[in-house]
Amino acid sequence: MLRVAILDLYNGQQNQGMRCLREILHAWSKQYQQPIQLDEFDVRVKKEAPDDSYDIYISSGGPGDPLESEGSDWEKVYLDWLRKIEEWNNHPKNEIKKFVFFICHSFEIICRHYKLATVTRRKSTAFGVFPVHLTPGGKKEIVFRELKDPFYVVDSRDYQVIEPNHTKLEMLGAKILCVEKDRPHVPYERAIMGIRFNKYMIGTQFHPEADAEGMSLYLRSESKKKTVIENHGEEKWKSMLEGLGDPDKIMFTYSHIIPNFLNTALQQLQPVLA
């Protein structure tokens, strides 16, 4: 039995992310005939965090400012969990390691915590399906196996990770895996969209768990439809909906990144699970 914990950072807000993560995990379990025990922890509302008995951890996206939570009670619980996982993985007697995936809001918090880059508010909200470009490190990343350059992602954020601290990255053995699309018409630095933090921890600024169904429901909600049309026009809103049906875009990302992460973890855990 593979033990998986989802750290829910959605702060009690309705979302598609948790549904998508559950569906990916259950579909993967069925495809590979690998039984899983899946537990969820409400980090921000209930200040819950898993112990170190799980094999795999996925830390979700979530709303709000990733800067203002510094020092909060829930973030202390969250970073205490992270410290325990780091201690486990760094202990030479623990041959079986713990694997962690950080998504969007979690990614921003970890980048701030490790001081790997600057976390700052964007000039405007990024929302939609966008191309993301692989770095040389990303092209070698096993979790990104089979992804094209560029590949397409669901991006939904008011904040960004920019100005990488290369000294800190090197000290941690971390690698930048991908960056946002080039925008030569605006004078802004391209944001970091994915980092391999260490051998067992990886994260993305985008939502690799997002599927066409969830994105379509989100886009069709009155509030989001109004926002997109007001900011980008109705044609943009319609084209975003049409783009969800392209199997080479977000559904390709959906079917590869987290499943690849799970496969990588399973390969190293199989001798123990057998």
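Analyst: Q33 is exposed, with a relative accessible area of 73%; exposed means over 50%, buried under 20%, and partly exposed in between, with a 1.4 Å probe and protein chains only as cover. The model is predicted, with local features given at pLDDT of at least 70, side-chain atom pairs at pLDDT 80 or more, and totals for chains, interfaces and linings over all residues. Residues are numbered from 1 along each chain as its sequence is written, and side-chain values use heavy atoms, leaving out hydrogens and water.

Q33 sits in the loop that joins α1 to β2 (36-42). Helices (H or I, at least four residues) and strands (E, at least two) are DSSP runs, numbered from the N terminus. Although Q33 is not a glycine, its phi is positive, at about 50°. Most residues other than glycine have a negative phi, and most peptide bonds are trans.

K115 also has a positive phi, near 60°, and is likewise a residue other than glycine. K115 lies in the loop between α4 and β5. With a relative accessible area of 53%, K115 counts as exposed.

A cis peptide bond is found from D149 to P150, with omega near 5°. P150 belongs to the loop between α5 (136-139) and β6. Its relative accessible area is 29%, so P150 is partly exposed. Apart from neighbours within four places in sequence, P150 is in contact with P131, V132 and H133; contact means heavy atoms within 4.5 Å.

V129 is placed in strand β5. At 21% relative accessibility, V129 counts as partly exposed. Residues that V129 touches, not counting those up to four places away in sequence, include Y152, V153, V154 and M215; L244 and I250 are also among them. V129 and M215 are 86 residues apart along the chain, and their C-alpha atoms are separated by 9.3 Å. M215 is one of the buried residues of α7, together with A212, G214, S216 and L219. The cover over the buried residues of α7 includes α1, β5, β6, α8 (222-232), α9 (234-243) and α10 (250-254).

Helix α4 holds F107, which is buried at 0% relative accessibility. Leaving out residues up to four places away in sequence, F107 touches F102, V161, I192, M193, G194, I195, F197, G203, T204 and Q205. F107 and S60, 47 residues apart in sequence, are 8.8 Å apart in space, C-alpha to C-alpha.

Several of these elements take part in the largest pocket. The largest pocket holds about 880 Å³ of space, and of its 33 lining residues, the closest to its centre are Y10, N15, S156, H207 and Y218. On a 1 Å grid over the protein atoms alone, a pocket is an open set of points with protein on both sides within 12 Å along at least five of seven lines, and lining residues have an atom within 4 Å of a point; a cavity is a set where a 1.4 Å probe fits but cannot get out. Grid points are joined across faces, edges and corners, and the volume is the space filled by probe spheres set on the points. At least two lining residues come from each of α1 (17-31), α4 (105-114), β5 (118-134), β6 (151-162) and α7 (212-220). β6 gives the most, with five residues. The lining has eleven nonpolar, 14 polar and eight charged residues. Here Ala, Val, Leu, Ile, Met, Phe, Trp, Tyr, Cys and Pro count as nonpolar, Asp, Glu, Lys and Arg as charged, and the others, Gly among them, as polar.

Now the whole chain. The chain has eleven helices and nine strands. Buried residues make up 51% of its 274 residues. Of the contacts between residues at least 6 apart in sequence, 76% join residues at least 24 apart. A compact globule of 274 residues would have a radius of gyration near 19 Å, and the chain, with 18 Å, agrees; the radius is taken over C-alpha atoms, and the globule rule is 2.2 Å times the number of residues to the power 0.38. The C-alpha trace spans about 55 × 40 × 40 Å along its principal axes. The accessible surface comes to about 13300 Å², with 48% belonging to carbon and sulfur atoms; accessible areas come from the Shrake-Rupley method with a 1.4 Å probe, and for residues only the protein chains shown count as cover.
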